[in-house]
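Trainee: Could you take me through the salt bridges in this one, pair by pair? I'd like a close look at who holds on to whom.

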Amino acid sequence: MPSLLGMLEARKTMGAMDQLIALLGAVVGAGIAATAAVITTRRKVSAEWKLADEIRLQARHLAVTERVSTYLAASYHGVLSLRDLALADYGDKLRIEKAEVWPTVDRVNSALVAVQINDSVGIVAAIEAIDASMVVLAREARDVRFTHDEWRARRNQLMGQLPQQAIAAARAEVGPMD
């Protein structure tokens with residue numbers, strides 16, 4: 001028959017085994033919980049990075065749109081002031097140039113520099129093509145007295161589809177905005 005001391009020893013061994021199994025279960029459970037936490041955190045961080053990238057892309061899209069539209073608005077205004085200069089009598093040209101053209105030239109040049117500093121080669125080339133046409137128009141508007149029809153024809157000849165090409169270059173650069 002087993003002794004009382006032997007039975008107590010067996011029970012201690014079983015208690016230690018139960019404790020060891022409980023400890024092992026706790027370690028495995030903690031490992032599973034930690035792994036789940038790491039996976040969840042990675043997913044959350046990944047989602048936050050993706051959102052941040054989308055926000056940066058949208059901000060870039062808006063910045064390109066703002067610079068190109070600012071330039072186009074200034075150049076449209078510039079062409080209108082050049083029209084007034086082109087249609088004016090020779091005696092009025094200097095006054096119109098100082099009062100209307102030069103302030104507009106400052107706006108156009110400021111917008112041009114912003115595009116040249118910040119935008120891609122394609123957008124810059126499209127905007128510089130408009131600018132080059134405006135330089136020719138400015139020179140001719142100062143030196144020649146045009147009729148309405150002559151001015152419209154010359155403006156269309158030089159400017160043509162250049163503004164639409166600048167818009168197309170900007171759209172190609174930034175892509176559609178979802």
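Mentor: Start with Arg-154 and Glu-140, which form a salt bridge with their closest N and O atoms 2.6 Å apart. Arg-154 sits in helix α4 and Glu-140 in helix α3, so this pair ties together parts that are 14 residues apart in sequence. Keep in mind that we're looking at a predicted model here.

Now go to Arg-145, which pairs up with Asp-89 in a salt bridge, the closest N and O atoms being 2.9 Å apart. Here the partners come from loops: Arg-145 is in the one between α3 (121-143) and α4 (148-159), while Asp-89 is in the one between α1 (4-87) and α2 (90-118), so the contact ties together parts that are 56 residues apart in sequence. As for solvent, Arg-145 is partly exposed at 42% relative accessibility, and Asp-89 is partly exposed too, with a relative accessible area of 41%.

Next up are Arg-83 and Asp-84, whose side chains meet in a salt bridge at 3.2 Å, N to O. Arg-83 has a relative accessible area of 32%, so it counts as partly exposed. Asp-84 comes in at 27%, which also makes it partly exposed, since buried would need a value under 20%.

If you want the overall tally, a search of the whole structure turns up nine salt bridges.

Definitions and conventions: Residues numbered from 1 in each chain as written. Predicted model: local features only at pLDDT ≥ 70, side-chain atom pairs only at ≥ 80, totals over all residues. Heavy atoms only, no water. Salt bridge = Lys/Arg side-chain N within 4 Å of Asp/Glu carboxyl O. Buried < 20%, exposed > 50% of the residue type's maximum accessible area, 1.4 Å probe, protein only. Helix = DSSP H or I, 4+ residues; strand = E, 2+ residues; numbered from the N terminus.
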